[in-house]
Each structure stands twice: as structure tokens, then as C-alpha cells.
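Subject: Structure handover

Hello,

Please find the structure below. My notes on it come after.

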Amino acid sequence: MNQDEKYMRMCFALAKKGKGKVEPNPMVGCVVLNKSGMLVSKGYHKKYGEKHAERDALLKLKNNEAAGGTLYVNLEPCSHYGKTPPCVDLIIERKLARVVIGMKDVNPLVDGISKLKKAGIKVDFVLTEEAEFLNRVFIKNMTQKLPYVVLKTACTMDGKIASCTGDSKWITSNESRALVYKMRKEFDCIMTSSNTVIADNPRMEHKFKCILDKDLRVDKSAKIFQQGEIYVASNENTPVKNGRLDIKAVLAELFKRGIYSVFVECGGTLAGSMLKDGLVDEIYQFIAPKILNDNSGMSCFNGNEIYKIIDCVQTDIYKVETLDKDILIKALISKALN
Ligand code: AOF
Ligand code: ZN
């Protein structure tokens, strides 16, 4: 691993300390080396609205300590007056010779790179793909004005979520189900369908829940209503397209309400149509060591007829975890069907 990669990875680790506290802002970490290449300061963005990573690192140093040195930061330094003044101004003032950046900022207000170059500071990039992966939620939020969507499913080795009678308790182990409870907390909202609420009557503890219920079929006595704030998307508040709720419109509405990430827990129909419509960013798939061995069982993804394998939804698996009994696959959607 070269030096630039080493220090950029350090920035990633620092950035991650802000996870859960900086959203909807990006996670950013910063490392400063002095003229002789010695690490003299580290910083990170700690909380939404507070100092940016670069400022956090540079303000720990005396005025001339960073002069001629190198600053590492996983996101292009900002050049705009937001809740804080532009980081590029401080970098220029502190006379850094080189800035190594992970990714270009997708925020249209930011144009830090050209400002740095104009000031005679050398700019290099390193580990861009990793930097973009780290801030994938921020990138989606900023560029599409939509929440980042993770769809969770739990199935047998043959991809079934229930038998032909609808029996589904339980496919995955206690440990996996406990892990799902923890995962929910990492998202601003959990989303489910009227079908799931009617079939399973889950509690789904969360501070904010969205139920897709086009014809308002779910009874208010369902357990899901016992706790948390609930947004019911129905034909009364959401456009209907081809007889179905326009889920993209629901996501846009959630975004306006300050929801930046959504965890979808549903059956095969909603999962299939969200996948087909390209509304899913990522899949968490729990697979239990069971085989239903019945094609009339319910599938975890139930879209339309597909004739060619080339038309599969493609994913990039980035993590496989072995749990007590099950496995968990985490995969990014790399190509939607349409
Ligand atoms: C952060 N932390 O460490 C960096 C950011 O409203 P402000 O002033 O906090 O600016 C937010 C924007 O600044 C953010 O969307 C991103 O484009 C840029 N850089 N933001 O919260 C940081 N370096
Ligand atoms: Zn900044």
C-alpha cells in the first residue's frame, strides 16, 4: 500500500466516527502531514452543522505548522459559505503544498479543486471508488433528492419467503432476526406494504414507518400502529401509475420530510416491483440453510416474466457474513431492469 492510500484509509476510518451523527452531510475525515512528511494532525466531521473535517484538523495546528505539507481528505474541500466558512480558504491560508482527495464533491455549490489549483496547490486523487462507496447515501441524497433504499429479504436456499399456504415463521434464525432489529436503527425510516402488515401483523418498532397501502386496507388496530410516527401512502396522497402506487413519488415525499435512508421489509411483490422500477440501491439478503423444494412457495423477488438471463438485475456483492446458522449477503444494485 502506498503512502497516499495509507493516509486516505486513515481518513475513511476517521470519517466513519461521524456515522449516525452527521447525516444528511457526508462522513469526512482529514489527516495532515507537515513539510517533512510527519503526521501532525487528524480531524473529522463530528456532527451535522459543526466544523468540517479539514477545519477540525487544521485548527489543532499552529499557523505555520502545516506550511509546505500535505492534507488528505476523503471529500473535495468545500469552497462555499454554508453553516461553516469555506475549507479551501483555510487550506490556502495555512499554505499546504498538496491536497490528496478521495472523491469530488457532488454538491453543486462546491468547487474546491479549481480554487486550490489556482492558489498553486497540487491536487491528487486516490481511492476514489472506496471514497464514493463510503458516502453512497450522501451521493444519492444530493444528486437525486431521494432517500437511499436498502431492501431486506430473508429466504430459503431456493429463494422462498413462505410456503404455498403463506407459512413463514420462521425461516431465519433468532440471531438473524435480532440483527434485523439492530439494522433498522441505522435507517431513518422502515417501509413495508399493506400485504405484509395484513399477512404477518408485525410490530416493526421504529421512530418512523411508512406503509404503502393504496386502498387503505390496513386496520388501525394493527400492531404496527402501536408505536412510532407512521406515514401511510395511499391513493389519497400519492399518484397511482398502472394501478399501483408511484413509489418513487412516495420516496420523494419522504425525502422532503427529512428521511435520508429507507429500510424496506416486505414480501416478493413489492420487492419485485421496486427492483424492476430501479428504486433499490442495495439488498440485504439473509439466506437460511433450508430448502422449501416447492415451486409454488412464495419467492423473495416476484417481478414480471423475464425471458433472458441477460435481463437479470445485476448486483455487486460487497460483503458476505456468516451468522450462527444463516448467511447475510450485502449487495449493491449495479443495473436496474429498465
Ligand atoms: C460536511 N463535513 O467535513 C465536509 C463537508 O452546511 P455546511 O457548511 O456544513 O456544508 C455542508 C457541505 O459541505 C456538504 O454538503 C459537503 O458538500 C461539503 N463538505 N461537509 O458536513 C465536512 N468537508
Ligand atoms: Zn468544508
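Predicted model: local features only at pLDDT ≥ 70, side-chain atom pairs only at ≥ 80, totals over all residues.

Residues are numbered from 1 along each chain as its sequence is written, and chains are lettered from A and ligands numbered from 1 in the order in which they are written.

Domains. The protein splits into domain 1 (3-141) and domain 2 (146-333), with bounds from an automatic or database domain assignment. Their C-alpha centres are 36 Å apart. Six residues from domain 1 and six residues from domain 2 make the contact; two residues are in contact if their C-beta atoms, placed from the backbone, lie within 7 Å.

Open sheet. Five strands form an open sheet in the order S2-S1-S3-S4-S5, with mixed pairing. Helices (H or I, at least four residues) and strands (E, at least two) are DSSP runs, numbered from the N terminus, and two strands pair if DSSP finds at least two bridges between them. At the edges are strand S2 (39-44) and strand S5 (122-125), each pairing on one side only. From one strand to the next the twist averages 15°; axes are lines fitted to C-alpha atoms, for helices over the stretch in contact, and angles run from 0 to 180 degrees between N-to-C directions. Helix H1 (residues 3-16) packs on this sheet, touching strand S1 (29-33), S2, S3, S4 and S5, and its direction makes about 140° with that of S1. Strands S3 (residues 70-75) and S4 (residues 98-103) run parallel, joined by five bridges; valine 73 has isoleucine 101 in S4 as its bridge partner.

Strand S13. Five of the five residues of S13 (residues 261-265) are buried, that is, 20 or more other C-beta atoms lie within 10 Å of their own, placed from the backbone (exposed: 12 or fewer; partly exposed: in between). Ser261, Phe263 and Glu265 point one way, Val262 and Val264 the other. S13 runs parallel to S6, with five bridges between them, and valine 149 stands opposite valine 262. S13 also pairs in the parallel sense with strand S8 (residues 189-193) over three bridges, where methionine 191 stands opposite valine 264.

Tyrosine 148. This residue is in strand S6 (residues 148-155). Tyrosine 148 counts as buried because it has 22 C-beta neighbours inside 10 Å. Leaving out residues up to four places away in sequence, its contacts include Arg136, Tyr260 and Ser261.

Regards
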